[in-house]
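Here is my note on this structure. Please read it with the model open beside you.

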Amino acid sequence: VTWDSRLQRKLLEADASGKLDAMAPLVGMGGHKHEMMSAMAAGVAPIRKELARERREAKRHEAGKGPPPVPADLRPLGIDPLLEPLVRDDECKDAKWSYAVTSDEVLYRYVARDAVSSVALGELMEREIAVVPALQHAWDGVVRDVTPALAQVEAWGMGIDLTAMRTFDAL
């Protein structure tokens with residue numbers, strides 16, 4: 001990890017959003033997050049609809065108004081069998097599995113655009129930081145070294161506090 005465009009953006013403009021989808025338009029990109037979220041919602045909707053139907057059937061049976069429902073293992077949802085336990089877990093949020101029910105074409109395009117916009121943003125931010133010697137000094141002496149440290153902490157299995165990250169982004 002050689003840079004973190006979120007940290008660079010905050011160094012340049014402390015009140016600006018550091019989210020990639022908010023920064024991508026700075027390098028002529030953007031919109032890919034919306035496309036991906038729409039595709040994920042379209043993939044999740046029929047699965048949620050089927051699960052709701054299954055629950056209604058179970059409630060009808062419990063109320064003595066219908067036959068027993070077909071067991072879940074005999075009524076697959078038409079998705080990867082490894083996903084079924086996650087999808088059927090009411091406490092598991094869609095975000096944990098929704099990428100897997102998105103077309104490969106949309107998923108690969110999203111990942112590629114994220115990567116390309118990240119590189120382009122890093123290069124843009126480096127140029128903008130270099131123009132202001134005090135910012136370059138702060139970047140070189142303090143901020144840049146935070147990125148590999150955070151990556152190492154995550155690699156060790158210690159997650160980053162999402163609330164703190166969102167608070168940081170909101171500042």
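1. Where is R60 found? R60 is found in helix α3. Helices (H or I, at least four residues) and strands (E, at least two) are DSSP runs, numbered from the N terminus. Counting from 1 along each chain follows the sequence as written. This is a predicted model, so local features need pLDDT of at least 70, side-chain atom pairs count only at pLDDT 80 or more, and totals for chains, interfaces and linings use all residues.

2. R60 touches K65 and G66, leaving out residues up to four places away in sequence. Contact means heavy atoms within 4.5 Å.

3. Now the whole chain. The protein chain has eight helices and zero strands. From the N terminus on, its elements run α-α-α-α-α-α-α-α. The radius of gyration is 22 Å, well over the 16 Å that the globule rule gives for 171 residues, so the chain is more spread out than a compact globule. That radius is taken over C-alpha atoms, and the rule is 2.2 Å times the number of residues to the power 0.38. Along the principal axes, the C-alpha atoms fill a box of roughly 75 × 30 × 25 Å.

4. What share of the 171 residues is buried? Buried residues make up 25%. The protein chain exposes about 11,100 Å², and carbon and sulfur atoms supply 61% of it. These areas come from the Shrake-Rupley method with a 1.4 Å probe.

5. Look at contacts along the chain. Of those with a separation of 6 or more, 67% join residues 24 or more positions apart. L135, in helix α6 (residues 133-143), touches L11, L12 and I129, not counting residues up to four places away in sequence. L135 and L12 are 123 residues apart along the chain, yet their C-alpha atoms are separated by 7.7 Å.

6. Compare L162. L162 is found in helix α8 (residues 162-170). It counts as exposed, because its relative accessibility is 52%. L162 and V27 are 135 residues apart in sequence and 26 Å apart in space, C-alpha to C-alpha.

7. Last, the second largest pocket. A pocket is an open set of points on a 1 Å grid where a 1.4 Å probe fits, with protein on both sides within 12 Å along at least five of seven lines; lining residues have an atom within 4 Å of a point. About 170 Å³ of space lies in the second largest pocket. Its lining includes L51, E54, R55 and D90. Helix α3 (residues 32-62) gives the largest share, four residues. The lining divides into five nonpolar, no polar and five charged residues.

Terms used: Heavy atoms only, no water. Points joined across faces, edges and corners; volume = space filled by probe spheres on them. Nonpolar A, V, L, I, M, F, W, Y, C, P; charged D, E, K, R; others polar. Buried < 20%, exposed > 50% of the residue type's maximum accessible area, 1.4 Å probe, protein only.
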